[in-house]
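Please look at the sequence and the structure below before reading the report.

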Amino acid sequence: MSNSPTGVGDAAPEGAAGASAPPRRKPVRRGPVDPVKALLHRHRELCARAVDPLEIAAGLEAHGVTDRTAARYRHRDVFSLAEEMYARVPRDERPSAVHAAPAAPAVRRPPRAHTLLALLPPAVGGATVAAYELTSGHGRLAALLVGGPALAVALRIALPRGPLRARGGAVPGTRAWSVFLLLYALFGDGLLSAALAGGPDAPWPPDTGALLGLALAYAPAVWCARLFAVGARRRLGQSRGLEEFAAGARPLLLAVVALYAAFAVGLLVLTGRLGGQAQPAFGAALLAVLLLLARLLTAYGFRVVPGVVLGGVCALEGFAVAAVFGARLPGCGWLAVPVETVGAGAVPVFACGAGAVVLLVAAARRLTRASAHAGVPGETG
Amino acid sequence: MRIGLLTEGGYPYVTGEARLWCDRLVRGLGQHAFEVFALTRSAEQEQQGWTELPPQVHRVRTAPLWNADDGSGRGGSGRGGHGRGGHDSPGGGVRYGRRQRRRFAAHYGELAAAISTGAVGAVGDGSASASAEVADRFANALYGLAELARDEGGLALALRSETAVRALERACRAPGATRAAHDARVPDLLAVAAQVEQALRPLSLDWYEDEEGGLGSVDLCHAASGGCAALPGLLARHFFGVPLLVTEYGVQLRAHYLAGAGARADAPAPAAGASARALVAAFHGRLAGEVYRQAALITPGNTHARRWQEKCGAERAKLRTVYPGMAAGRFAEVGEAGADQADPGTLLWVGRIEPAKDLVGLLHAFAEVRKEEPNARLRIVGAPAHGEECDLYLAHCRALAAQLFPDEADGVHAVGDNPVSFEELGGPEAPELADAYAAGSVVVLSSVVEGFPVGLVEAMFCGRATVSTDAGAVVEVIGGTGLVVPPRNPKALADACVALLRDPERRERLGAAARARALELFTVEQNIAAFHALYLEIVSHCPVRRDVVDEDGDPLPFANPAETHVAGRWSTAPGTDGAAGPRFGQWLAARKGARGGPSWASAETGAETGAETGPEEVTEGGAEKGPEGAEGTAPVGAVAAAAVSEGEA
């Protein structure tokens, strides 16, 4: 192999072949009639993917073609040779190259460790609830005191390594609101019921069924987020225009959210049954949907709206509690009327439901923009 | 004079391109005050820290070009322990209101329209008025965006927003868009928007102020490369009229094409299709065109870069070739000692061992040489190379050498040795580069692909006769003080080597001439002196016009005499030269067109007309043009021409 991989065309390369008798006239090796054609063939990949003559010129020069080589092809310089080559690339090949390249915006399969990570918060939540249920007295307190922080740590580990990773860092406000909402799901209903009944006179039991259901709902949340990312990516590759993409992404988003809502309701009904509750915790299910939407928006770089909406939901719930206690002041009895009318269990349903609807509208507008999918939230997840 | 040195991924950092050159320039021009404005390419680079800065560097401002997402909360990294630096972040964009968004959309739409109509190749030829109009459109949009960023704050968010993508889509679907633009799909649009955002990050910097520390306060902007690095200079010229000098040792546009052709490891998220590449290439092409249009002077590092710049629309009158300077001091001893300490029958090859250097061809040529000169030896001194491919190639070359040349010994009782030796630089046989050159009597360069041949210049500094292949800037560097043969022609290479090995007198003559040429053209001093002269020339012809104010800040009328507004004459009298050059070129082109296919002889004359405008290129010209200088009767041209004609047959 006397030629290095970067092949430049000598029409008649002089090798070691003619070493024996230099004076004798060697048989002339005839090149093709059209030398540029051979050159085109040799650099067909370069020519096929070149977007303008200058790219061919740069590529030819990188392969050692100089102006003097170009002179052999009857051209003044590499640029004019490249122009001829660009003009002579078969036209019917180009569209296929155009369309083949962007068609596969690959979403890498998530590593197995990340799949397992999605199961970490459910596992920790399940263990906490099991410990709580199996012990009594101080053991329960210890289970809550250990399990709560453990769940927080599990979320801190799992969230940044999945498709729900917040782009550009999480917003502290959003995090604080989320913690408040989870605490409310755990203790809020009991507190409100006790307050409506005139208490609380004794420590009321936390709603462990809701906690378990929410913890278990983390896994389908990750799965749904990945489903959305992959689906949006596929639509991104297929659609020709931004409108087309939006039209395709909107039903996808709605379907994913509906699927997740079904998951959440199913899980919470199941855990409610296990906990022996009569009616399923729709408030907690709506909270799960709300949190998914907020996190989805954060993951795609929209950080303001989720913060505001979660804050609003917190304010609603906090206001309900405050109103019930405020009604005990003389002359303020009317404050508790709305909560008394709907009942304690309906407060989170209304608050989270309203928040989820607002976020769904926001997501339907924002997550169907192509620019939201320019970064890769789902790729390393 | 206060000079704003604009670099991208380079100078003040320890790892960077053109770092040595900038360092020498700054150290060499102690009479000027330098303010370095550096754009960085990666976090690793910032962590490496800065080089030792001389006192004439008054201020360093750096800004990253690399972070994709978080722009804020990341100041102060990689300061390198210097107190006089500032770290500016273009990332943290401002969320625009409705009016700003409308303004942004209008400018961005213009920009998109400018890059989606017409190919870059049309710049400079063809429909001149149409391409000028497109260039104008691009420039106006660019400055519009810059003004918006200056008035309202960072563009980063807006450039990544849906507004931008939508404007891009509209431009691509508009009538008059190129076919590639018309075929763009959503991933392409996103890729283009991301790349444009990255390239336009310098717009969002807060460098464009009139007061101390801003680009408005310098007298001259010197961009160490084209492309993004020149963008701040372009804006300084737009906002304050600061003249811009652009130095390009490698043309950015070409580097962009080559990077696009390779594996795109750092490509933005959606796989970039052909349409995206076409649009991004058009963007970079237009940007390069605008930089060349606005620059007061452009200094390519060699003729190759110069041709690319001309192709991208640079005016010939603005081009001044300034060769890169190299430290000649370490070769002085070897160079002055002459060739007598060299082993007379030794051919020497020095470089990084990689396929582009065509060592296989060299070994075949050496086989030919050995038939004529049985005592000849070949030493291959390789710089430590990295990479699997290079290791494989080295192993392959060793195997080939062992096959071609059996070990041989002086007598029956002596231990044999191979006539081809592979050595590593820094090893016992060649501890220093100069030692390696000292041992060889003829230095051979067998590259197929070559940029600026540094090894050849080193050999010239050492006063060694050279045989090189005609690749890259070899001909322009050697300029008749060494033998040049076509690449991939071992026979011609062998003939030239044998000719030199047999003629010590000619070797000495060529070596002396080469050393004289190198000392005249490729020294650091030459480089610094050229830039010093260029600085003075620019400042005397297009100074910054600032309003003179008194102590209270009120403008002083008539502080600038009216004469300062009259355009001065360039010292090289472009009225004659600059006008005659192009006209002569046109005449030549017309003649060639009439004659049919242009031959390379006419390309040669074209190069001569190009050389006319550059005052530095006194001794320019192809080696084939014949002997110049010390080489009186040597058949340099004969060897090369014979080989070429053989090749053509």
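## Basis of the description

This is a predicted model, in which local features need pLDDT of at least 70 and side-chain atom pairs count only at pLDDT 80 or more, whereas totals for chains, interfaces and linings use all residues. Residues are numbered from 1 along each chain as its sequence is written, while chains are lettered from A and ligands numbered from 1 in the order in which they are written.

## Chain A overall

Chain A holds 17 helices and 0 strands, where helices (H or I, at least four residues) and strands (E, at least two) are DSSP runs numbered from the N terminus. Of its 381 residues, 42% count as buried, a residue being buried if 20 or more other C-beta atoms, placed from the backbone, lie within 10 Å of its own, exposed if 12 or fewer do, and partly exposed in between.

Chain A is divided into domain 1 (36-103) and domain 2 (159-373), with bounds that come from an automatic or database domain assignment. The centres of these two domains, taken over C-alpha atoms, are separated by 57 Å.

## Helix H3 of chain A

Helix H3 (residues 53-62) of chain A is mostly covered, since 9 of its 10 residues are buried; among them are Pro53(A), Leu54(A), Ile56(A) and Leu60(A), and also Glu55(A) and Glu61(A). Just after H3(A), Gly64(A) takes a positive phi of about 90°.

## Packing of H10 and H14 in chain A

Helix H10 (residues 172-196) of chain A packs with helix H14 (residues 282-299) of chain A at an angle of about 170°, their axes lying 11 Å apart; axes are lines fitted to C-alpha atoms, for helices over the stretch in contact, and angles run from 0 to 180 degrees between N-to-C directions. H10(A) is therefore roughly antiparallel to H14(A), a term that applies to angles over 145 degrees, with those under 35 roughly parallel, 65 to 115 roughly perpendicular and the rest oblique.

On the H10(A) side, Thr174(A), Ser178(A), Leu181(A) and Ala185(A) meet residues of H14(A) including Gly283(A), Leu287(A) and Thr298(A), contact requiring C-beta atoms, placed from the backbone, within 7 Å.

## The sheet of chain B

In chain B, an open sheet of 6 strands runs in the order E10-E9-E8-E11-E12-E13 with parallel pairing, two strands being paired if DSSP finds at least two bridges between them. Strand E10 (420-424) and strand E13 (483-485) of chain B are the edge strands, each pairing on one side only, and the twist averages 20° from one strand to the next.

Strand E12 (residues 465-469) of chain B pairs with E13(B) in the parallel sense over 3 bridges, and Ser468(B) stands opposite Val484(B) in E13(B).

Notes:
Contact = placed C-beta atoms within 7 Å.
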